[in-house]
Amino acid sequence: MAIKKIGSQTIKLFNPPSIISTSTIVGPKEGDGPLSKYFDTILQDDLYGEDSWEKAESKFIEEAVKSALSKVRLNLSDMDYLIGGDLLNQLMSTSFAARSLQIPFFGIYGACSNSTEAMSLAAMLIDGGYADKIATTASSHFSSAERQYRFPLESGNQRPLTSQWTVTGAGTTILSSNGEGPYITHVTTGKVVDFGIKDAANMGAAMAPSAVDTIKTHLNDTGFKPEDYDIIITGDLGILGHEIAMEMLEKEGYNMSNVFKDCGIEIFDNERQDTHCGGSGCASSAVVFSGYLYEQLKAKKINKILLVATGALLSPTSSLQGESIPSIAHAVTIESKLRN
Amino acid sequence: MSKNQANRNKSYEKYVNSKVPKPNILKNCLWAFFVGGIICTIGQVVHNLIESIYKYTHLDTSNITTLVMIFLGAFLTGIGVYDIIGKKAGAGSLIPITGFANSIVAPAMEFKREGYVMGVAAKMFSLAGPVLVYGISTSVIIGILYYIF
C-alpha cells in the first residue's frame, strides 16, 4: 500500500533526505547577473576549454558534481546513484558526463523541469531505503540549446519579445539519508498539461498552466497554504509566464502576492541584460536553487520553500508538425529544519 | 480533444494574446528603413565605383556588385558583427543580399564541428534552402506567365 502518498499526486516522505551539499557553475552572462555572488564557479569562457558547446555542458556537470562532493569530503564511489538530465537530444551532455563520473546513472528528461524531477526521484529512492547518497544534476547551455531548437548563433534574426534566454550552467545537489538539512519533505509530481499554445517563442505562456496545476494540487494534497511558505518559486516561467500563473492562481482564490517568484526572473537583470522575458533552461532552477536558495535555507534566512521547476515538452519535430506545447511542473518542498 | 478543452484553449489563447508585449513597430520600421537604406547605398557606391574605374558593362557591374555585397555579408557574419546588426535592423539587414549571405554562412560556421560533409555542407542551406526553392520556383512560374502573355 502506498502509505506515504497523500492526496492525489503528493508524497510525504517519512525519512526526509537531507541536501548535504550543492554546487553551481555558470557562464559569463549569468555571472554578470544579480545572483553572481551565490555561484561557485563563474566561467569567462563558455566553451570551458572544450571544442564544442555540448562538450562544455558535459564538463559543467562533471565539475559541478565533483565540486559538490569535495565540499563534504565525499568521493564519487560514495554515491549510490546519479540522476540528471539536460535539454539535448539523447541527453548528450548528461550521459557523457556520467560516462566519466562512473556512478550508477538514471538519465531523465523533463525538459526544464529536470532539476526537481531528479530531486523528487532521488528523495523517494533514499526515503524508500534504496540508496543512502544520490547526486542530482540539471544543466543547459545557451549555445547548445540555440543550435538544437532555434537558429545558428551568428544568424542575424530578431528574437521575439516573448522569448527567454537559456541559462548557461549546471547545478547539482547531493542528497543523503542523514544530514542536518535542508530536507526534502514533500514531493508533488506533475501531470502533462497543454492549453494549446503553439508558439515555441512563448514558452512562459505554454508552461504557466502546468505550474498552476501542480501548485494547486500540492496545496490541496498537503493542506498547506501559500503563506506557509517563505517562497514558492517556479523554474523558468519568465516575466510573462509568471504574470499569467500569478493571475490564474489568484483567480482560483490563492493569495500568492508575497511569496510567488520565478528563478528565470531572478537570475538576470532583465533591463540591463536584455533577455526579453527572463531566463529559461534546466539550469535556471538548478543554479538558482543550488546557489542562492540553498544558501538562504542553510543560513535559516528562509525556512520553507516550494521549488516548482517547469518544463516545456516540445521538440523541434513537434513544432514543425504543428503540435501545441505540452508542459509539466514538478514540485518539491524543502525545509531548513524538520518539525513534527 | 473535447469541446470543453477546445473552448478552454481558445479563451486561454485570447487571454495570452492580450498580455503579450507588443513590439514598437514604428521604431523597428525606422531601424529597418535606415539600415536597409545604408546597405543599399553601399551597394550603389560599389556599383558606381566599379562602373567608372573598370568600365564594365552595366550588367557585368551588377553581377560584380552582388559578389562584393555577398562577400561583405559573409565577412561580417564571420567576424560576429552581422547578428548584432540584424538584432536591431530586422528585415532591414535580412532582405538585402548581405542577409542571404548571412543565412548561409551562419549555419556553415555553427555546424563545422559536425564535419565538412554532414556539418558544413549539409547544414549550409538549412535557412537559405527554402528561400532558394521558392524563389527559383516563383521566378520560373513568372517566366512562364511572361512568355504566354
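The model is predicted. Chain B and chain A bury about 2500 Å² between them.

**The interface between chain B and chain A**

- The contact draws on 29 residues from chain B and 29 residues from chain A.
- Three residues of chain B stand out: Y12(B), E110(B) and R113(B) supply 27% of the area that chain B buries against chain A, more than any other three residues.
- Carbon and sulfur atoms account for 56% of the roughly 2500 Å², that is, of the area of about 2500 Å² buried between the chains.
- Polar contacts are also present: 14 residue pairs, both residues at pLDDT 80 or more, are in polar contact between chain B and chain A.
- On chain B, the elements that give two or more residues to the side touching chain A are α1 (3-19), α4 (82-89) and α6 (97-110).
- That side of chain B divides into 14 nonpolar, six polar and nine charged residues.

**Salt bridges at K19(B)**

- The side chain of K19(B) meets that of E243(A) in a salt bridge, 2.8 Å from N to O.
- K19(B) also meets E247(A) in a salt bridge, at 2.5 Å from N to O.
- E247(A) lies in helix α7 (residues 238-251) of chain A and K19(B) in helix α1 of chain B, so this pair joins two chains.
- K19(B) is buried, with a relative accessible area of 18%.
- E247(A) counts as partly exposed, at 34% relative accessibility.

**A network that includes both chains**

- Salt bridges that share partners join E54(A), R147(A), E110(B) and E114(B) into one network.
- Within chain A, the side chains of R147(A) and E54(A) meet in a salt bridge, 3.0 Å from N to O.
- This pair links distant parts of the chain: R147(A) is in helix α5 (residues 142-149) and E54(A) in helix α2 (residues 53-71), 93 residues apart.
- R147(A) is buried, with a relative accessible area of 9%.
- E54(A) also counts as buried, at 10% relative accessibility.
- E110(B), a member of the network, is one of the three residues that together supply 27% of the area chain B buries against chain A.

- E62(A) forms a salt bridge with K66(A), and their closest N and O atoms are 3.5 Å apart.
- Both residues lie in helix α2 of chain A, four residues apart, about one turn of the helix.
- E62(A) is buried because its relative accessible area, 17%, is under 20%.
- K66(A) is partly exposed, with a relative accessible area of 36%.

**A loop residue of chain A**

- Q44(A) sits in the loop between β4 (41-42) and α2 of chain A.
- Q44(A) is exposed because its relative accessible area, 68%, is over 50%.
- Q44(A) and G31(A) are 13 residues apart in sequence, and their C-alpha atoms are 8.6 Å apart in space.

Definitions and conventions
Residues numbered from 1 in each chain as written. Chains lettered and ligands numbered in written order. Predicted model: local features only at pLDDT ≥ 70, side-chain atom pairs only at ≥ 80, totals over all residues. Heavy atoms only, no water. Contact = heavy atoms within 4.5 Å. Buried area = accessible area lost by both parts, 1.4 Å probe. Salt bridge = Lys/Arg side-chain N within 4 Å of Asp/Glu carboxyl O. Polar contact = N/O pair within 3.5 Å; in protein donor to acceptor, adjacent residues only side chain to side chain. Nonpolar A, V, L, I, M, F, W, Y, C, P; charged D, E, K, R; others polar. Buried < 20%, exposed > 50% of the residue type's maximum accessible area, 1.4 Å probe, protein only.
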